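Trainee: Can you walk me through this one? I'd like to start with the ligand.

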Amino acid sequence: MKTCELFKIKKVLSFEIFPPRRTDSVSTIYNTIEELKGLNPDFISVTYGAGGSESNTETLKIASDIKNKYGIESVAHLPCISLNKTQVIEILNNLREAGIENILALRGDVNPNCKPQNDFKHASDLISFIKENWDFNIIAACYPEGHVECPTIIEDIRNLKCKVDAGASQLITQLFFDNNYFYSFRERAAIAGIRVPIEAGIMPVINKKQVERIAALCGVKLPKKFLSIMEKYENNPEAMRDAGIAYAVDQIVDLIAQGVDGIHLYTMNNPYIARRIYEAIYTLLAA
Ligand code: FAD
């Protein structure tokens with residue numbers, strides 16, 4: 001099923017997982033998927049490292065298994081910065097053969113250790129290429145606080161409109177910790193004529209160092225309320241975990257009340273946390 005169809009009938013809940021980094025622990029991801037299946041996700045997406053990670057070969061297999069063995073709709077991420085046209089064609093043909101219908105088409109981060117190929121400069125180039133040659137549902141990334149490389153949020157939204165015009169039928173946001181950025185972004189996107197569903201990407205934080213690193217990398221701001229929680233509990237992992245879950249639930253409750261199209265949970269391959277969040281919000285999704 002093309003996941004863009006789901007938004008016509010419901011508030012969508014999706015999960016993101018990544019292939020385990022060490023190839024010898026690949027089987028652990030199947031325990032994660034098994035547990036996530038119990039939470040009735042509308043789809044599960046599987047990342048693909050733009051830097052040419054070893055585990056990339058697993059993206060296709062995991063996305064295929066999610067769909068064909070577990071019966072859950074799957075989305076394969078595809079960043080194009082370090083791939084040439086021939087490689088992209090091969091990956092897309094393999095995905096199609098595996099029955100996968102949904103691609104999250106990305107540029108990927110610029111990586112000093114990985115030479116960029118010049119066949120696809122922006123995600124919009126990849127989106128046009130997919131749209132012209134295959135029948136995938138295409139999803140694109142968006143940035144409530146603006147993409148870190150883009151000088152202004154307005155310019156970033158103009159670039160986002162190019163992705164939608166090129167064929168993206170659904171958007172997923174980068175993580176954010178202040179819902180006000182999401183609401184302003186959603187308004188600006190509507191003014192720019194972006195009419196496709198936008199899922200809010202939520203990351204439950206359970207580790208102070210990890211979130212500081214990710215936030216710096218993505219240019220995401222950490223609100224005062226969030227910082228004081230992390231400072232208070234940073235040396236108490238259980239309390240930190242519970243506070244991180246509570247913060248994410250609080251964000252989601254507000255987003256649902258404000259009519260969000262869907263929630264995309266960055267699970268970090270941690271089904272326990274996904275379950276705790278699911279249990280706190282599932283009645284709201286259906287209400
Ligand atoms: P683009 O849309 O190409 O945008 C990149 C920059 O170029 C932006 O600043 C944009 O404003 C600008 N731009 C775009 N088009 C134009 C244009 N025509 N002219 C001038 N400037 C332009 N990375 C991975 O490596 N693997 C993953 O699996 C992965 N999954 C992700 C999932 C989600 C939901 C999100 C939000 C991000 C994900 N990323 C992933 C990270 C992503 O690859 C980076 O954020 C990357 O830096 C930008 O990718 P993009 O597809 O948004 O690029």
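Trainee: How far is Lys163 from the ligand's oxygen atom?

Mentor: A polar side-chain atom of Lys163 lies 2.7 Å from an oxygen atom of the ligand. Keep in mind that this is a predicted model: local features need pLDDT of at least 70, side-chain atom pairs count only at pLDDT 80 or more, and totals for chains, interfaces and linings use all residues. Residues are numbered from 1 along each chain as its sequence is written, and side-chain values use heavy atoms, with hydrogens and water left out.

Trainee: And how much of the ligand does the protein bury?

Mentor: The protein buries 84% of the 980 Å² that the ligand exposes when taken alone (Shrake-Rupley method, 1.4 Å probe).

Trainee: OK, new topic. How many residues does α5 have?

Mentor: Helix α5 has 14, residues 153-166 (helices are DSSP runs of H or I, at least four residues). From first C-alpha to last, α5 reaches 20 Å.

Trainee: Why would residues three or four places apart point the same way?

Mentor: An α-helix has 3.6 residues a turn, so they do.

Trainee: What comes just after α5?

Mentor: Gly167, with a positive phi of about 140°.

Key: Helices (H or I, at least four residues) and strands (E, at least two) are DSSP runs, numbered from the N terminus. The expected span of a helix is 1.5 Å times one less than its number of residues. A polar contact is a pair of N or O atoms within 3.5 Å; within protein, one must be able to donate a hydrogen and the other to accept it, and residues adjacent in sequence count only if both atoms are side-chain atoms.
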